[in-house]
Amino acid sequence: MKLGIIGLDSSHAVQFSRILNGEREPFHIGGHPVTAAYPGPVSQDFDMSRDRMENFTREVAGDWGVKLYSSIAEVMKNSDAVFLEQVDARRRLEQFQEMVCFGKPIYVDKPFALNTADCREMLKLAEQYGVPVLSTSSLRFADGLTAALKQCEWHSVIGADFFGPMPFTATQPGYFWYGVHMADMLYRTMGTGCSKVSVIHTSEHDIITGVWKDGRIGNIRGNRCGNGNFGGTIFHESGSVFIDVSQDKRGYYECLVEQIIRMFDTGQSPVTRQEMTEVVRFLEAAGESLTTGREVVL
């Protein structure tokens, strides 16, 4: 299977090419090389796009032997499945609309969309064209979280708290830029069914609290100082399990790519469309609570 990448201003484009094309990499995944890429347009008002596109494009093409093309259509025609990696999620819907009509599996990097309306439109198009689609943070499948959930599999999860860095960037509103990492960890642990969201915000910290329909509570703690690691605690009926992703032997990018390749091969996404939609709505609601200071009912 030959894979393509749309958007080379994301570090993930480099990491995924390394994992899939680097035969000497310790967790190399074979048989699915990245062979085609379109750098995509630069977002001049977004430094993460403007300042990184040139170097990342050079790495993907020069270090990992990926052929560059000048359009989305060319990559779609020369690939069996595609990663949408453009770092500026404001372009998601427009680019997805152009890609989905080719009928090939698509992984959309985080965040899937910057609002619920675009998310639903993208999933509607995927269903219309019969396209398998997955979008998630790499942290959702980190080995540390997987191991913790395995410890809890004989118990009922009654709540969870996750933490991690929470920088803001003006072009990606609210908590979509980094909050998605902890949100995906939370949803993998708690499942769907969050009914209301509220936020406590200071200059250096945020706490996002979700209350599930069955009364369970899940928290996200975002930091702009101090600890820059990702992790959390899962509470179950007989105890609690702590997670520190920085202690994992295998990187979370490798964990994610393993899941993406499985989706490309089978056409079955490990995350339901309902859950992808609810993660977007959760982050959207958190942004509304940040702005208004009020609890938001989903």
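Predicted model: local features only at pLDDT ≥ 70, side-chain atom pairs only at ≥ 80, totals over all residues.
**Notebook: a helix pair and a strand trio**

I started with the helices and saw that α1 and α3 cross in a left-handed way.

Helix α1 covers residues 11-21 and helix α3 covers residues 53-63, and they pack at an angle of about 10 degrees with their axes 9 Å apart. Angles under 35 degrees count as roughly parallel, so I put α1 and α3 down as roughly parallel to each other.

Then I asked myself which residues make the contact. From α1 I got Ser11, Ala13, Val14 and Ser17, and from α3 Phe56, Glu59 and Val60. I sorted the residues of this contact by type and ended up with four nonpolar, two polar and one charged.

I moved on to strand β9, residues 205-212. Is it enclosed or open? Six of its eight residues are buried, so I noted β9 as largely enclosed by the rest of the structure.

Strand β8 (residues 194-201) runs antiparallel to β9, and seven bridges join them. A hairpin of three residues links β8 to β9. In this pairing I found Val197 opposite Gly210 of β9.

Strand β10 (residues 217-223) also pairs with β9, again antiparallel and over seven bridges. The β9-β10 hairpin has four residues between the strands. I checked the turn and wrote down that Gly215 has a positive phi of about 95 degrees.

Conventions: Residues numbered from 1 in each chain as written. Heavy atoms only, no water. Axes fitted to C-alpha atoms, helices over the stretch in contact; angles between N-to-C directions. Helix = DSSP H or I, 4+ residues; strand = E, 2+ residues; numbered from the N terminus. Parallel < 35°, antiparallel > 145°, perpendicular 65-115°, else oblique. Left-handed = near helix turned anticlockwise from the far one by under 90°. Contact = heavy atoms within 4.5 Å. Nonpolar A, V, L, I, M, F, W, Y, C, P; charged D, E, K, R; others polar. Buried < 20%, exposed > 50% of the residue type's maximum accessible area, 1.4 Å probe, protein only. Pairing = 2+ DSSP bridges.
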